[in-house]
Amino acid sequence: MSGNASILSRLPFDEKLIYIDGEWTMSQASQTCRVENPDTAETIATVPECNAQDLDHAVKAAYTAFHDGPWVNEYSGAQRRDALLALATAIEESRQDIEELESLNTGKPISDVRVELDDTIDLFRFFAGYADKVEGRHIAAQTNRNLEGYTVKVPVGVVGFINAFNYPICLLAWKVAPALAAGCTVVFKPGPQTPLTTQYFAHLLHKTGKFPRGVFNVVLGGVGVGQALVDHDLVDKIGFTGSVATGKQVIRSTASTRNVRCTSVELGGKSPGVVMPDADLDKTAKLVVSGCMANAGMNCNALTRLWVHRSIYDEFMPRIKAAAEALVLRTPQDGATEMGPLIDKRQYDRVLEYIRIGREEDKAALLTGGQPALGRGYWIQPTVFFNVSPTARIATEEIFGPVLSVLEPFDSLDEVIEIERKNEFGLAAGIFTRRHQDIAKFTRKLRSGTIWVNNYNALYSYLPFGGFRNSGFGRELGYESFDGYLVPKSIIDDISY
């Protein structure tokens, strides 16, 4: 508790305020949200529950900054690049505080948070490199020699972001870095459970002195303020990460408002992994367990549907069991901890209910786990079911917790591919084999946005990430993400005039 008290007592901002139009201000709302430590379920902070007036203030600030401010109208790409580089340095200089705060607010193992901060800093530096490289095309006269055509790319405008709770600071970087690099202005809503590092980020952005007022704004709260952001007529694009149900509502809303706006949604997943007969079983068991249990299973791309070839099935099960039971569950701030708790009571209850469904309704065999852990907070043991029907609820519905379904044995890769074509999700997949023919077939035929071969969960700033079908559309990371915040204009010039 002393470490927790230490970071909370030295926050360089007042968590009871919100950051709008370049200053910290009181919310117009009277309601507040409790922020918990998932390790203990104790309240660690109280933040505003913003209302429609706060949201309108933030959007209008971003709108004015975009249309009348210097960020778009005076700053060169090189100046925006330098601003993002300065922000990356500010994050790096304050990383210890951010890491402690993120671990406290999310329950993540501190070792995981350190990797996420590495990624966050890298993302701002990576996208800074695109800020001065916005390029159009010159199209020579095609049908009329007197007409010259060319394109210019311009920022899409005001972007409203609705973030998920599972990677607060890292997903912020995924979204905000390319948007700012492209010249957009931003209204950002973090997950209601995990607002603290977003507020810390706003403090650092302000401290750099490189970002004009209104370029970045924060609103806090849940569904109400999120819906108000989606519905606001001055917002030009919505970027959303979250559940399929909420994502579909976001898409419907953006299509039914007075001004139709573009949308990028990164939704759920029920990602399959395939273990072929020639796989290294010891190494693969550890990769599979890590692929499922990382971040306590609260990953949209978590490996949760595992196919194991019949010829190695019985030999592989003890290895999966041992790998799951070897995971270290301790206080998140302990450097040896490998898996943390669920984010809150609602998610904790949801996961326990799915474990009950697996046992009682799906009649799946429990290999290990299935119980609360550590006797406090929102901890649940790493849980593995086996001999699970591919159509069982625990094998088809996103649980968002540390639960792995090892499906019934398979005999041919074609059989797996045919079944997975009917998977309503298409975010990620993995295959473990040395056979290049199987790798080529799997990666070519499967409709998944990211496919890992003999590894899992490796993501990089330069590779796009996104899905098919109910896993959403649009891409995060890579040039594709940056380009998503730009819109081409065509200019036609009559040179004979």
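Is D56 buried, exposed or partly exposed, and what is its relative accessible area? In this predicted model, D56 has a relative accessible area of 25% and is therefore classed as partly exposed, since this class lies between the cut-offs of under 20% for buried and over 50% for exposed. The side chain of D56 takes part in a salt bridge with that of K60, with an N to O distance of 3.0 Å. Both residues belong to helix 2 (residues 52–68), where four residues, or about one turn of the helix, separate them. K60 is likewise partly exposed, at 43% relative accessibility.

A pair within one helix is also found in helix 12 (residues 313–325), in which R319 and E315 stand four residues apart, about one helical turn. These two residues form a salt bridge whose closest N and O atoms are 3.9 Å apart. R319 is partly exposed at 27% relative accessibility, and E315 falls into the partly exposed class at 43%.

The salt bridge between D132 and R81, at 2.9 Å from N to O, links separate elements. D132 is located in the loop between helix 6 (110–128) and strand 5 (138–139), whereas R81 is part of helix 4 (residues 77–93), so the pair ties together parts that lie 51 residues apart in sequence. The relative accessible area is 33% for D132, which is partly exposed, and 25% for R81, which is partly exposed.

In total, 33 salt bridges are counted in the model. Through shared partners, salt bridges join E353, R356, E360, E361, R393 and E397 into one network.

Conventions:
Residues numbered from 1 in each chain as written. Predicted model: local features only at pLDDT ≥ 70, side-chain atom pairs only at ≥ 80, totals over all residues. Heavy atoms only, no water. Salt bridge = Lys/Arg side-chain N within 4 Å of Asp/Glu carboxyl O. Helix = DSSP H or I, 4+ residues; strand = E, 2+ residues; numbered from the N terminus. Buried < 20%, exposed > 50% of the residue type's maximum accessible area, 1.4 Å probe, protein only.
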